[in-house]
Amino acid sequence: MLRGWGVGMLAMLATGTATGAQVKSGSPVAPVPGGNTANNATTQADDAFGKSIGNERTGIYNPNDVRGFSPSAAGNIRLEGLYFDQQGSLTDRLANGSTVRVGLSAQGYPFPAPTGIAEFALRKAGDTLLLSPQLNYGPFGGWSVSLDSEIPIIAGRLGVAAGIGYTEEQSNFGGTPRFLSIAVMPRWRPAPGIEILPFYSRIDYRSEEAQPLVAPAGAFFPPEVARKTYYGQSWAVANGTVTNFGVAASLLRGPWTLRGGIFRSVNDAREGYADLFVDARPDGTANEIIVANAPSKFASTSGELRLSRDFIEGDRRHTIIAMIRAREQTRAFGQDVVELGPRLIGVPRPVAKPLFEFGIESHDRINQTTAGVAYAMTWRDVGEFSVGVQKTDYSKASDRGGSQRPTAKDAPYLPNATAALRFGDDVIVYAGFTRGLEESPLPPSNAVNINEAPPAIRTRQLDAGIRWAIRPNLKFVAGVFEVTKPFFDLDPANEFREVGEVRNRGVELSLAGNVAAGLNIVAGTVFLDPQVSGEARDRGEIGRQPVAAILRNSFASADYRFPNSGFSIDAVFESTGRRVANQDNTLYVPPRSVVSLGGRYRFRVGDAPVTVRAQVGNIFDNYGLGVSGGGLLVYNLPRRVLINIAADI
């Protein structure tokens, strides 16, 4: 399984300077637009609902976790604001970070999604030649280098952004994967109001060890183990390639705007494994099971075309929007399961690699076309209103081991409506409703039907809240939400299937901006009340709350820059409430808090801005557990050191 890529996130710094170059420090250094020296998630975030840039992240949400669900798994990724059916991770050489859109920030999308939207933007070439090398050490002793560039060819018309990165990672559980990533992104502006952005990116991953996953035999936790020690099988590694390519374009002509894109995303996994330690007991003994994945390929071609027309009427702007989007996704996969016998968790016990028999390959083919129309009205100093409807046509054909399954079909209408009212210059009250047809979650590694993705599911969301601009650069948001979906979990036979309905209600809070001269903060909390209903719960097979649900998640980061200086310091506080660890809700991971401290020093070498960044994560080395689907346990990240050097030349 692909985990979050550190690929090329970080760094190559040219050693040495040109003859006569001088190092200048002690005064503020202006960053280069498009470079990497200014990467700072705390100072660049508009709210606490999730932003990443380079190797930094801030906020209570991320593309894999919003309001208790995953926008990425649900198919709610947007690239340059357009629908993108992502099958493999985007390298930071292509898109330097992401922003989560929920609540008021999601109302900027004419067709919002119930699980929230994770937005990525392409790196774009400017009109000035730029080379941005980085060098990174850490966080667990690994290293990486990268070089990003922007090359103007015809000023104001044509340029190319490109990047390359290499990582030799040391993971928190002792793995040693290797990643090589490249990206090329031409930018063509043949006439005013026209922009064309073709792109190509590729990630090669090698020797990515399977993280050991522990499933307790009862309502207890396994004993603590030494972190950063790999105790799985050394041959259980993933190797493969992820490619993402396509083109996005926009045309602005007076009141008309035409935007479109077509994208191809391919995850070609030559091998991969899950290393499970099941029936784990309090003394640390367990049975080791290897799930081996046959060579597999997940691929999708997707795209969107959207046309809008503005009408100005005094203080009111009316916008009519028409959209069509489509995707064709194919999945080819297989697996074999081998039991390796009794083990002691945390203690390496190598065994010879078994001979796996994968049998006949299984396949999925999904075709989906969606058309929509929407109306939006913006009334100066009063507020905004929008309403829309989509009609989608979905089909999924599958075979398992040569046996054809019935084709799943659905063709619902999906309405949405949003409103935001202004009260003076400082307060906005907002509300929204939307329905969606989203991808269901994949089975966990301990399911008997692992890799067999269920069909898409109908979902709905209600949310409302208030945003208060305490001052122009400091905003507070308080919101409530309710998201309802069909609920998938393991049944008594360990098959992952629909077993009921889950309703996530919650309260989310955000405070972000500049609170004093040189001091920026991002602080947020979400309180979640998830509830499962249905026959499986009525029979006592599952509890009220879904496995892996986190009942509270809090995040705060602060960045202080000393006046008339290149120095700044920063701190991050992360805290989680109880999280559900088993199906019958008799085991909860206790609350945990983690503190991280860091700093930056900015200076110049000649005319080139340089930033040195250091951070110590989890400074008190707190130990804790995380929970994934199926009740599988992993331990948290231990104390770690990260050092980054970036320059914009």
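By class, nine nonpolar, eight polar and six charged residues make up the lining of the second largest cavity. The exercises below concern a predicted model.

**Exercise 1.** Describe the second largest cavity by its volume, its lining and the strands that contribute to the lining.

*Solution.* 
- Step 1. Seven cavities of 30 Å³ or more are counted in the model.
- Step 2. The second largest cavity holds about 280 Å³ of space.
- Step 3. Its lining consists of 23 residues, and N76, Y83, R325, Q368 and L437 lie nearest the centre.
- Step 4. At least two lining residues come from each of β18 (316–333), β20 (362–379), β21 (383–400) and β25 (427–438).
- Step 5. With five residues, β25 gives the most to this lining.

**Exercise 2.** Describe the largest pocket, and determine which strand gives the most to its lining.

*Solution.* 
- Step 1. The volume of the largest pocket is about 980 Å³.
- Step 2. This pocket is lined by 44 residues, of which S105, Q107, G108, Y109 and E384 are the closest to its centre.
- Step 3. Strands that each supply at least two lining residues include β15 (256–280), β17 (296–313), β24 (413–423) and β28 (496–516).
- Step 4. The strand that gives the most to the lining of the largest pocket is β20, with six residues.
- Step 5. Sorted by class, the lining of the largest pocket has 18 nonpolar, 13 polar and 13 charged residues.

**Exercise 3.** Carry out the corresponding analysis for the second largest pocket.

*Solution.* 
- Step 1. The second largest pocket has about 710 Å³ of volume.
- Step 2. Among its 29 lining residues, A215, N446, L490, N494 and G630 lie nearest the centre.
- Step 3. Two or more residues of this lining come from each of β13 (213–216), β15, β16 (285–293), β19 (335–344) and β27.
- Step 4. The most is given by β15, with three residues.
- Step 5. The lining of the second largest pocket comprises 16 nonpolar, eight polar and five charged residues.

**Exercise 4.** Trace the pairing of β14 with β12 and with β15.

*Solution.* 
- Step 1. Strand β14 (residues 237–253) runs antiparallel to strand β12 (residues 194–209), and 14 bridges join the two.
- Step 2. Within this pair, V242 in β14 stands opposite I203.
- Step 3. Strand β14 also pairs with β15 in the antiparallel sense, over 15 bridges.
- Step 4. Here G240 has A269 in β15 as its bridge partner.
- Step 5. Two residues lie between the strands in the hairpin of β14 and β15, where G254 takes a positive phi near 60°.

**Exercise 5.** Is R537 buried, partly exposed or exposed, and with which residues is R537 in contact beyond its neighbours within four places in sequence?

*Solution.* 
- Step 1. R537 belongs to helix α3, which covers residues 535–538.
- Step 2. The relative accessible area of R537 is 30%. Buried requires under 20% and exposed over 50%, therefore R537 is partly exposed.
- Step 3. Once neighbours within four places in sequence are left aside, the contacts of R537 are Q531, V532, I542, G543 and R544.
- Step 4. For V532, a polar atom of the R537 side chain lies 3.0 Å from the backbone oxygen of V532.
- Step 5. D425 is 112 residues from R537 along the chain, and the C-alpha atoms of these two residues are separated by 48 Å.

Terms used:
Residues numbered from 1 in each chain as written. Predicted model: local features only at pLDDT ≥ 70, side-chain atom pairs only at ≥ 80, totals over all residues. Heavy atoms only, no water. 1 Å grid on protein atoms, 1.4 Å probe; cavity = no way out; pocket = protein on both sides within 12 Å on 5 of 7 lines; lining within 4 Å. Points joined across faces, edges and corners; volume = space filled by probe spheres on them. Helix = DSSP H or I, 4+ residues; strand = E, 2+ residues; numbered from the N terminus. Nonpolar A, V, L, I, M, F, W, Y, C, P; charged D, E, K, R; others polar. Buried < 20%, exposed > 50% of the residue type's maximum accessible area, 1.4 Å probe, protein only. Contact = heavy atoms within 4.5 Å. Polar contact = N/O pair within 3.5 Å; in protein donor to acceptor, adjacent residues only side chain to side chain. Pairing = 2+ DSSP bridges.
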